[in-house]
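Subject: Structure handover

Hello,

Here is the structure I said I would pass on.

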Amino acid sequence: MPIYEYYCSKCNMIYQFLVRRMDEEPSPECPKCGSEELERVMSTFSTTRKSTGDISDMVDDPELAGIDEDDPRSMARAIRHMADEMGEDLGPELEEAISRLEAGEDPEKIERELEEAGFGEEMGAPGRDPGLYEA
Ligand SMILES: [Zn+2]
């Protein structure tokens, strides 16, 4: 049986739900606050992926399918594209990181420095509820 993860923005927590039916999208309620507006958590937060989360894990846009992770300029283009799609301001840290990618610096090094600078936490990384609930 698959386990889906849902994020409750009110609790800033991720909950795991056991899904018994595959033929319809479940619409679980938050087990804590009862909110029905849970967001399905996609690969970025998933435990099945590396928890550090490569920048490339955020890429599921077919337009970006050809991205070359080893090419910093290709990565920079992908991040700019995603930011455009989401209509988000990158902020000074990411702007700087992208400029460095465009200058041909090693993406892993830049990513590591962003993490060390606590960049992930500034984005309000959600907590994770250890329980397993039924959808
Ligand atoms: Zn909640």
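This is a predicted model: local features need pLDDT of at least 70, side-chain atom pairs count only at pLDDT 80 or more; totals for chains, interfaces and linings use all residues.

Residues are numbered from 1 along each chain as its sequence is written.

Overall layout

The protein has four helices and four strands. Helices (H or I, at least four residues) and strands (E, at least two) are DSSP runs, numbered from the N terminus. Read from the N terminus, the order of elements is β-β-β-α-α-α-α-β. Of the 135 residues in the protein, 14% are buried. A residue counts as buried if 20 or more other C-beta atoms lie within 10 Å of its own, as exposed if 12 or fewer, and as partly exposed in between, with C-beta atoms placed from the backbone. Among contacts between residues at least 6 apart in sequence, 50% join residues at least 24 apart. Two residues are in contact if their C-beta atoms, placed from the backbone, lie within 7 Å.

Strands

Strand β1 (residues 3–8) pairs with strand β2 (residues 13–18) in the antiparallel sense, over six bridges. Strands pair if DSSP finds at least two bridges between them. The hairpin of β1 and β2 has four residues between its strands, and N12 there takes a positive phi near 55 degrees. β1 also pairs with strand β3 (residues 38–40), again in the antiparallel sense, over three bridges. Y7 stands opposite I14 in β2 and opposite E39 in β3.

Cores

A nonpolar core is a set of buried Ala, Val, Leu, Ile, Met, Phe, Trp, Tyr and Cys residues joined through C-beta atoms within 7 Å. The largest one consists of eight residues: M75, A76, A78, I79, A97, I98, L101 and I110. Two or more residues of this core come from each of α1 (72–86) and α2 (91–102). The largest share, four residues, is from α1. There is also a second, separate core of seven residues, including C8, I14, F17 and L38. In soluble globular proteins, nonpolar side chains tend to be buried together.

Helices α2 and α3

The axes of α2 and helix α3 (residues 107–116) come within 10 Å and cross at roughly 165 degrees. Axes are lines fitted to C-alpha atoms, for helices over the stretch in contact, and angles run from 0 to 180 degrees between N-to-C directions. α2 and α3 are therefore roughly antiparallel to each other, a label for angles over 145 degrees. On the α2 side, E93, A97, R100 and L101 meet P107, I110 and L114 in α3.

Two loop residues

P26 is in the loop between β2 and β3. With 17 other C-beta atoms within 10 Å, P26 is partly exposed. Leaving aside neighbours within four places in sequence, P26 is in contact with Y4, F17, V19 and A135. P26 and A135 are 109 residues apart in sequence, but 6.1 Å apart in space, C-alpha to C-alpha.

D68 is in the loop between β3 and α1. It has 12 other C-beta atoms within 10 Å and is therefore exposed. D68 and A78 are ten residues apart in sequence and 9.5 Å apart in space, C-alpha to C-alpha.

Regards

Terms used. Angles under 35 degrees count as roughly parallel, over 145 as roughly antiparallel, 65 to 115 as roughly perpendicular and the rest as oblique.
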